[in-house]
Amino acid sequence: MKKLGILISGRGSNFEAIARAVQDGRLKAEVAVVISNRPEAKGLETARALGLQAVSLPSKGVERSAYDRQLVQVLRQNNVDLVCLAGFMRLLTPVMIQEFAGRIINIHPSLLPAFPGLEAQKQAFDYGVKITGCTVHYVIEEMDAGPILRQTAVPVLPNDTVDDLSKRILAAEHQLYVETLQDVLTKI
Ligand code: GRF
């Protein structure tokens with residue numbers, strides 16, 4: 001069974017979608033560890049409630065490479081095969097990228113390469129696109145720029161608020177992340 005290490009910073013709904021897919025057998029993997037760089041992340045509570053190992057590894061004030069060395073240590077201690085970023089709000093350095101070369105994936109709430117960075121849903125909404133979506137991609141040093149694994153298109157409907165749109169994208173994210181993992185796990 002391949003071991004997943006999931007990195008979060010907040011709500012953790014993508015992490016939860018993955019954990020539930022593991023629980024009910026849709027995803028043949030084990031969630032070995034959930035790590036948050038923010039101690040107050042709601043996702044850490046969810047992880048504990050699900051009986052998973054939840055590690056708070058605060059990043060505030062820690063230099064980026066030094067932080068990544070701590071991440072590598074926790075992930076290696078747990079024999080992690082694949083690192084899944086799920087709302088992890090911190091850029092990774094070569095320390096992590098080289099240690100887990102080709103084994104770090106991320107989900108982003110737009111159809112990359114459109115609208116990288118923060119508040120991608122709002123960026124798409126403000127631009128006025130009629131179709132946006134979500135992307136699962138490999139992580140490279142450059143933000144939101146690694147090779148694309150899968151995407152789902154999500155329509156922007158006439159009376160949408162940013163919130164309506166964000167909710168529709170999030171539902172698509174949960175499905176897309178699980179499907180992509182099913183695929184990636186057969187290849188590593
Ligand atoms: C998601 O929209 C994800 O695409 C982005 O950050 C958000 C995290 O949400 N990278 P959650 O913590 O998984 O609920």
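## Basis of the description

A polar contact is taken here as a pair of N or O atoms within 3.5 Å, where, within protein, one atom must be able to donate a hydrogen and the other to accept it, and residues adjacent in sequence count only if both atoms are side-chain atoms. The model is predicted, so that local features need pLDDT of at least 70 and side-chain atom pairs count only at pLDDT 80 or more, while totals for chains, interfaces and linings use all residues. Residues are numbered from 1 along each chain as its sequence is written, and side-chain values use heavy atoms, with hydrogens and water left out.

## Contacts of the ligand

A polar side-chain atom of Ser 13 lies 2.5 Å from an oxygen atom of the ligand, and for a polar side-chain atom of Glu 173 the distance to a ligand oxygen atom is 2.6 Å. Gly 12 takes part through a backbone N or O atom, 2.7 Å from an oxygen atom of the ligand. Of the 370 Å² that the ligand exposes when taken alone, the protein buries 86% (accessible areas by the Shrake-Rupley method with a 1.4 Å probe).

The shell around the ligand (residues with a heavy atom within 4 Å of it) includes Arg 11, Asn 14, His 108 and Gln 121. By class, the shell divides into two nonpolar, six polar and two charged residues, with Gly counted among the polar ones. H1 and S5 each supply at least two residues of this shell.

## The largest pocket

The ligand sits in the largest pocket, in the sense that more than half of its atoms lie within 2 Å of the pocket's grid points. A pocket is an open set of points on a 1 Å grid over the protein atoms alone, where a 1.4 Å probe fits, with protein on both sides within 12 Å along at least five of seven lines, and its lining residues have an atom within 4 Å of a point. The space in this pocket is about 770 Å³, and of the 37 lining residues, Gly 87, Phe 88, Met 89, Ile 107 and Pro 109 are the closest to its centre.

The lining has 18 nonpolar, twelve polar and seven charged residues. S5 gives the most to this lining, with three residues.

## The loop between S5 and H5

Pro 113 has its place in the loop between S5 and H5, and a cis peptide bond with omega of about 10 degrees joins Leu 112 to Pro 113.

Note on methods. Grid points are joined across faces, edges and corners, and a volume is the space filled by probe spheres set on the points. Helices (H or I, at least four residues) and strands (E, at least two) are DSSP runs, numbered from the N terminus.
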